Amino acid sequence: MSGLLEEMTAKALSLNIPLNVQLDLTYRCNEKCVHCYLDHNDHGEMTTAEIKHLLDEMADAGVFVLTLSGGEIFLRKDFFEILEHARRLMFCVKLKTNAVLIREREAARLRDLHVESIQISIYSHHAEVHDAITLIPGSLKRSVDAIRFLKSQGLKVIIANVLMIQNMQDYPGVRALAAELGVECTLDPTVTPMMDGDRSILSLGVDSSALQQVFRDSALVGDADEFCAIPAESGESALDATPCSAGHSACYVSPYGDVFPCVQFPLPTGNVRRQRFIDIWRYSDQMNDVRSIRVKDLTTCSSCTHAATCTRCPGLAYMEGNMRGPSSQDCEKSFARTGIPSANMLAKKRAGVNLVQIRPAAIPAGAIA
Amino acid sequence: MSSMYVARNPRVAARGLGGEMMIMSGRDSTLFTLNKTATILWQSADGETPLDEIVTRKICSEFDVDPKEALQDAESLARELASHEILQVSETPILPGHSGAEKSK
């Protein structure tokens with residue numbers, strides 16, 4: 001993070017301003033990715049007017065970075081109308097898409113509307129691997145063609161490469177493809193549980209030895225010895241830190257208007273169809289509960305060797321049963337990185353018990369105006 | 001002396017944050033923050049109001065400054081912001097949606 005952005009984020013935190021929001025415009029999708037955490041049926045998406053009104057509210061609330069995602073955003077017939085409205089309100093707009101529906105005309109319109117960046121999911125440089133994940137024949141070619149159209153318009157494109165068992169060996173090829181196309185490439189070894197709590201798709205995630213391979217790859221992490229070094233003891237400042245930006249300077253809004261701390265943190269905090277966005281952000285009991293958590297408050301994790309360096313996701317912890325508890329997927333990452341088991345792993349080994357899935361709590365009646 | 005007109009560049013992203021204006025350049029995503037004076041200039045940059053009028057109405061009324069000196073500073077600031085593609089500067093009024101090359105004074 002640049003110095004100025006860090007300064008602005010700190011200011012937003014002190015003023016309780018939601019600087020970053022991800023808004024999913026739809027959960028419908030034209031790909032059927034095997035690892036996707038969403039229910040793709042339309043259960044009553046917000047209308048164009050509702051979304052425009054929400055964007056007005058978000059601009060008033062101080063939102064600066066607006067990420068439009070889905071589902072597949074280009075499946076909404078009003079996508080460009082929404083984007084035009086967002087840019088009129090001077091949001092810094094980032095898009096997440098599979099890009100299958102982006103041709104020359106769409107790329108030119110995105111350029112005219114000055115979107116900041118377009119993140120595109122690519123799973124492999126081999127069509128047979130990528131298309132076997134999206135379950136759409138020809139999808140890799142369509143996405144790569146789209147990247148070329150976007151690049152020819154001078155737009156910033158980022159390839160997002162989710163690592164799974166099926167494509168584990170292909171990430172160097174994806175990075176080479178990104179270099180050939182002149183775009184950035186990010187790698188994410190996290191498969192997220194379904195939003196309804198179903199954890200079966202986690203079986204698609206890579207195992208510990210594959211994670212070790214990734215964390216020791218200097219092309220990805222720079223100095224591998226430094227990256228995988230045994231963490232220093234957590235100081236007081238690390239224990240007083242907030243776990244992540246979810247609910248602090250960022251949040252997520254679903255296509256149905258539900259507001260959550262993050263796309264990966266399905267704790268319901270309110271709905272913009274019934275409440276003002278800023279009121280949910282400021283006054284929701286759930287949002288304030290998330291906001292109150294410091295590393296020192298985390299059960300198990302606060303005493304863990306990895307407390308200061310762990311990538312612990314509070315949303316994944318929530319989906320595992322306790323937002324103040326550990327996120328086993330991140331424990332595995334810390335272990336793969338350093339070879340030292342987390343406090344959670346040691347406790348589970350001692351107890352020999354399995355995890356218990358707890359469903360998201362319902363919103364208390366008084367929380368809805 | 002000819003007038004200078006200033007307009008917000010439609011390529012940027014911008015939002016007020018605690019009295020400051022946060023601006024992201026459309027050229028290379030560089031982030032800038034504008035101080036109070038620059039924020040007034042940014043907010044008043046409608047492409048139609050001459051810079052000298054903005055200075056007289058919005059800056060001299062707010063700050064205890066010499067009008068001539070304030071105008072010189074504002075012109076210099078406007079050119080600097082134009083060099084970062086945050087503002088557009090022209091000798092003639094700038095129509096809405098205009099994003100062509102700026103004509104510097």
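A residue is called buried if 20 or more other C-beta atoms lie within 10 Å of its own, exposed if 12 or fewer do, and partly exposed in between, with C-beta atoms placed from the backbone. By that rule, 33% of the 105 residues of chain B count as buried.

The model is predicted: local features need pLDDT of at least 70, side-chain atom pairs count only at pLDDT 80 or more, and totals for chains, interfaces and linings use all residues. Residues are numbered from 1 along each chain as its sequence is written, while chains are lettered from A and ligands numbered from 1 in the order in which they are written.

The predictor assigns the complex an ipTM of 0.85 and a pTM of 0.89. For chain B the average pLDDT (the predictor's confidence in each residue, from 0 to 100) is 86, and 90% of the residues score at least 70. Residues 99-105 of chain B have a pLDDT below 50; beyond near neighbours in sequence, this stretch has 14 contacts in the model. Two residues are in contact if their C-beta atoms, placed from the backbone, lie within 7 Å. Among contacts in chain B with a separation of 6 or more, 51% join residues 24 or more positions apart.

Chain B has 3 helices and 6 strands, arranged along the sequence as β-β-β-β-α-β-α-α-β. Helices (H or I, at least four residues) and strands (E, at least two) are DSSP runs, numbered from the N terminus. Two strands pair if DSSP finds at least two bridges between them.

One open sheet of chain B has 3 strands in the order 5-1-6, with antiparallel pairing. Strand 5 (46-50) and strand 6 (87-90) of chain B are at its edges with a single partner strand each, so one side of each has no neighbour in the sheet. From one strand to the next the twist averages 25°. Strand 1 (residues 5-8) and strand 5 of chain B pair in the antiparallel sense over 2 bridges, and Tyr5(B) has Pro50(B) in strand 5 as its bridge partner. Helix 2 (residues 51-59) of chain B packs on this sheet, touching strand 1 and strand 5, and its direction makes about 75° with that of strand 5. For such angles, axes are lines fitted to C-alpha atoms, for helices over the stretch in contact, and angles run from 0 to 180 degrees between N-to-C directions.

Another open sheet of 3 strands in chain B has the order 2-3-4, again with antiparallel pairing. Its edge strands are strand 2 and strand 4 of chain B, each pairing on one side only, and the twist averages 20° from one strand to the next. Strand 3 and strand 4 of chain B pair over 4 bridges; Met21(B) has Leu34(B) in strand 4 as its bridge partner.

The contact between the chains takes 12 residues from chain B and 15 residues from chain A. Strand 2 (13-17), strand 3 (20-24) and strand 4 (31-34) of chain B each supply at least two residues to the side of chain B that touches chain A. Strand 2 of chain B gives the most, with 4 residues.

The largest nonpolar core has 112 residues, and those with the most contacts inside it are Leu66(A), Val93(A), Leu150(A), Val6(B), Leu41(B) and Ala78(B). Such a core is a set of buried Ala, Val, Leu, Ile, Met, Phe, Trp, Tyr and Cys residues joined through C-beta atoms within 7 Å.
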